[in-house]
Amino acid sequence: MSGQQDVADLLADQLDRLLAKHVDREALAVIEGGTFPAALWKQVDDLGARSALVPESADGAGLAWRDAEVVMRVLGRHASPVPLGETMIGAALLAAAGLAVPEGPLAIVAAPLTLDAEDRLSGTDSPVAWAPVATWLIVAAERAGRRFVCLVDREDVGLAPVKTYGRTPSAAVRFDAVRAVALAPAGRYVDPLCALATLRSVQIAGSLEAVLPLCVEYANVRQQFGKPIGKFQAIQQLLAELAMQTAAAQVAGMYGCRRIDSGAGWEGVAIAKIRAGAAATSGAAAAHQIFGAIGVTDEHQLHQHTRRLWQWRSEAGSELLWAEKLGASTLAARGASLWPSLVDRPRW
Amino acid sequence: MLCRIVNTASRFQAFEIPAECAPLRREVRAFLAEASQAWSGWEVGHSWTGFDREFTREIARRGWIGMTWPTCYGGHQRSPIERYVVIEELLAAGSPVGAHWVADRQSGPLLLRVGTDSQKERFLPAMARGEAAFCIGLSEPGAGSDLASLRSRATHVDGGWRLSGRKIWTTYAQHCDFMIGLFRSGGPAEVDRHRGLSQFLIDLKSSGIEIRPIRDLLGESHFNEITFDEVFLPEDQLIGREGEGWAQVNAELAFERSGPDRYLSSFPLLPLTIDALRATGAPDRLSARRIGESVANMVILREMSLSVLARLEAGETPLQEAALTKVLGTDFEQRLPEVVRELTDAVPAFSLDDRLAAMLGYLTQAAPTFSLRGGTNEIMCGIIARGLGVR
């Protein structure tokens, strides 16, 4: 267990250094303009992170989600310039269904599709992050009540590029009786929606972790009324609010990962996404208030984080939709069963 | 570079309560299922500010006070995690634990840490039996958020100390047996500030003490103003070291700020609200969203609280994480009564037979204190900001 954590920490550290070296405001602007950073992707992929969540029996690193969480958080801290998170969870989903993990970047289609008797997929999803540049799409589909994990060649799918807040290359995808390259019944494992929602929760935590020190530094440096603005209680309240939301998002992301590891239902994922999504909203608002007008300029790096916060809170089910699902499920049982359901394992 | 090097990271590690605690949890829950039958919605709303000596003695009889203390002092030598299980069950049910809350959470642990052997022998077993109720004397009429400006004075005299001055907002002083009070034993507040403060253990029956209950907006009297008029204390009533009072008080704070009492005060509303919504037939989307948010919020707060517990148990002092947890937790417990209003069209009137309305009536009016007690959230946020490295 701790050995796995060491592997994850090492991987996260390598990724952190690599991204710190290559990803700055200008590099992100190029990526957001639609140019895939192929050289950076190759270097990231060479770290071996794509198989972090793949079992050792399938030649992966065999990390648990709770261990790999730190890798996903580092990715979020650097504004996720490459589809590493999607590729990691896509590989995990394929491996869990006994399918081989191909080369090339993966994108996740979180909306469930239908699978017909001839193994053809139909349905739509939008926006799918990284779809325009991915080699493969990982898809969940249902046939007669059974769930399948499918590998689809991106070239076989109808794509319409969409603009998103986050400006990660994204597309609306359309499956008109598309034949999967490979498919297998989904195991007991988490489905693409839950996996992606958890990834987004952890990325939100990472993004807030990057925003917080920017704000602290600005509060210490920016002078008004003859002193650093951090001397003002009003600014201190905002910094504290941002720190609280950052902490809550971090704990939420870790919680979601642990619930996935435990093989429990979707509720843990919902809890993580609800709390991280709310943290994205409040945290981004506090950060912008601290920075004032400079923070909304194109030349400042803050928006490269806050636009992603607004993107990620809504992707893979917004915090509002997950809250509705969790609330409906909570309301299906008597009030007296709420407390036991929260503290007695293993349900949540 | 996108990430500059300013270390603002808070550290929260996952911690799960081990399965071995399940029988203890069941035992507490079974007891509460019986005991809670008699409590009205108004009473349950009081939660850890409900003062009931009889209930406290029963809790003590079951071994649930001083759980982590050594058996030689009347404790039960159980783990902090077992204690956490017991107190979160008690609070989730809104139990009236006020008659032992301060002793169990703060005063007992303080004595264990810095008290003399004779202080421990005299007070800890009485606390653990539920027979010594403690309060904490910190705030003064002129020293609230700016606690270090306090002026109540302890003067060294032959054979002991003389206390004079006033304390205010002291919860349940009128019912308690003892106070642990912070007094100035060194130079004046203008000069010494955090230095020169000492903690004393005060028998509230001592001559020269006058306790005046302060009626609050609910028509109840939970806090008090206390006048010390040349109150004599024997030498051995000093706690810890003279002049170390500020540091001793601060060492307690991570415990005080991160417990389940900082996010569960309004929790008993939630099950009743769920039942009220179910009774309307199909709950609407807004109701589902608010309930879902509340549940998620609570689960993550509990995760944060448990994470702090694990670090405290490992001998660390995660003050920053505890402060973050307290502000988020008290926000949540203040928000919950408003969520109930949003979803149930509750009217601002209550009769004893409407449990939810009575509980909501109490909690709506008590909620302002949640972000005041134990340090206002504004003071907490200043502490957090300094912890982040704001210069």
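Me: Two residues are in contact if their C-beta atoms, placed from the backbone, lie within 7 Å. How many residues does the contact take from chain A and from chain B?

Reply: This is a predicted model: local features need pLDDT of at least 70, side-chain atom pairs count only at pLDDT 80 or more, and totals for chains, interfaces and linings use all residues. Residues are numbered from 1 along each chain as its sequence is written, while chains are lettered from A and ligands numbered from 1 in the order in which they are written. The contact takes 55 residues from chain A and 49 residues from chain B.

Me: Which helix gives the most to the side of chain A that touches chain B?

Reply: Helices (H or I, at least four residues) and strands (E, at least two) are DSSP runs, numbered from the N terminus. Elements that each supply at least two residues to this side include α6 (192-221), α7 (233-261) and α8 (267-291) of chain A. With 15 residues, the top contributor is α7(A).

Me: How many residues on that side of chain A are nonpolar?

Reply: Ala, Val, Leu, Ile, Met, Phe, Trp, Tyr, Cys and Pro count as nonpolar, Asp, Glu, Lys and Arg as charged, and the others, Gly among them, as polar. Eleven residues of this side are polar and eleven are charged. The nonpolar count is 33.

Me: What is the radius of gyration of chain A?

Reply: Chain A has eleven helices and nine strands. The globule rule (2.2 Å times the number of residues to the power 0.38, with the radius taken over C-alpha atoms) gives 20 Å for its 348 residues. Chain A comes close to that, so it is as compact as a globular protein of that length, with a radius of gyration of 20 Å.

Me: Is His100(B) buried or exposed?

Reply: A residue is buried if 20 or more other C-beta atoms, placed from the backbone, lie within 10 Å of its own, exposed if 12 or fewer, and partly exposed in between. His100(B) sits in helix α5 (residues 98-114) of chain B. Beyond four places in sequence, His100(B) touches Thr56(B), Ile59(B), Ile65(B), Gly130(B) and Ala133(B). Because 30 other C-beta atoms lie within 10 Å, His100(B) is buried.

Me: Where does a cis peptide bond occur in chain A?

Reply: Most peptide bonds are trans. Pro127(A) lies in strand β2 (residues 120-129) of chain A. With omega near -10°, the cis bond runs from Ser126(A) to Pro127(A).

Me: Is Phe225(A) buried or exposed?

Reply: Phe225(A) has a positive phi of about 55° although it is not a glycine. Its place is the loop between β8 (223-224) and β9 (227-228) of chain A. Because 8 other C-beta atoms lie within 10 Å, Phe225(A) is exposed.

Me: And Trp169(B), buried or exposed?

Reply: Trp169(B) also is not a glycine, yet has a positive phi of about 65°. Its place is strand β3 (residues 160-171) of chain B. Because 21 other C-beta atoms lie within 10 Å, Trp169(B) is buried.
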